[in-house]
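Dear colleague,

I am passing on a structure that is new to you, and I would be grateful if you could look it over before reading my notes below.

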Amino acid sequence: MPLDPAIAARLKRTADGLVPAVVQQHDTGEVLMLAWMDDEALHRTLTTGRATYWSRSRRSYWVKGETSGNLQHVRSVALDCDGDTILLKVDQVGAACHTGDRTCFDADRLAVTPA
C-alpha cells in the first residue's frame, strides 16, 4: 500500500524524489540527526512506528537501529509549512550517530562571532 495520496501531494521533493527529515528526541527537543526520506520511507515509518530512511550512498532503505541496536521509536511525524521538510520526534535508544555519538551534532561545533 503506497503513501496516503493526501500526504504525498503535500510533499515538495528534491530532484531525486527525497525530502530531508530532521530527527529530534521527543522529550528533550535534542536534535539527533538529519536523514532523507522518499514516499516509501515515509510510508514505512508511519505504518511501522520505526524510523525508516533512504540511504543516498547505498541507494537502499534502512531502518534506524536494525543492525546497530540504536533504535528510533517514532512518537510523532510532522511536515513543515512548505511540505519540504519532515520532523520526526523519536525515542532514541543508544547513539543516533553512526560514529557512536548521541547526536550527529556533538563533534564539530563552530565558533560564532557576532558582528
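Is Cys-97 buried or exposed? Cys-97 is buried, because its relative accessible area is 7%, where buried means under 20%, exposed over 50% and partly exposed in between, with a 1.4 Å probe and protein chains only. Please keep in mind that this is a predicted model, in which local features need pLDDT of at least 70 and side-chain atom pairs count only at pLDDT 80 or more, while totals for chains, interfaces and linings use all residues. Residues are numbered from 1 along each chain as its sequence is written, and side-chain values use heavy atoms, with hydrogens and water left out.

Cys-97 lies in the segment after β6 (strands are DSSP runs of E, at least two residues, and helices runs of H or I, at least four, numbered from the N terminus). Apart from its neighbours within four places in sequence, Cys-97 is in contact (heavy atoms within 4.5 Å) with Lys-64, Arg-102, Thr-103 and Cys-104.

Turning to the sheet, 4 strands form an open, mixed arrangement in the order β2-β1-β6-β5, where two strands pair if DSSP finds at least two bridges between them. Strands β2 and β5 (72-79) stand at the edges with a single partner strand each, so one side of each has no neighbour in the sheet. Strand β1 (residues 19-25) pairs with β2 in the antiparallel sense over 6 bridges, and Pro-20 stands opposite Trp-36 in β2.

Leu-34 is also placed in strand β2 (residues 31-37), and it counts as partly exposed because its relative accessibility is 44%.

With kind regards
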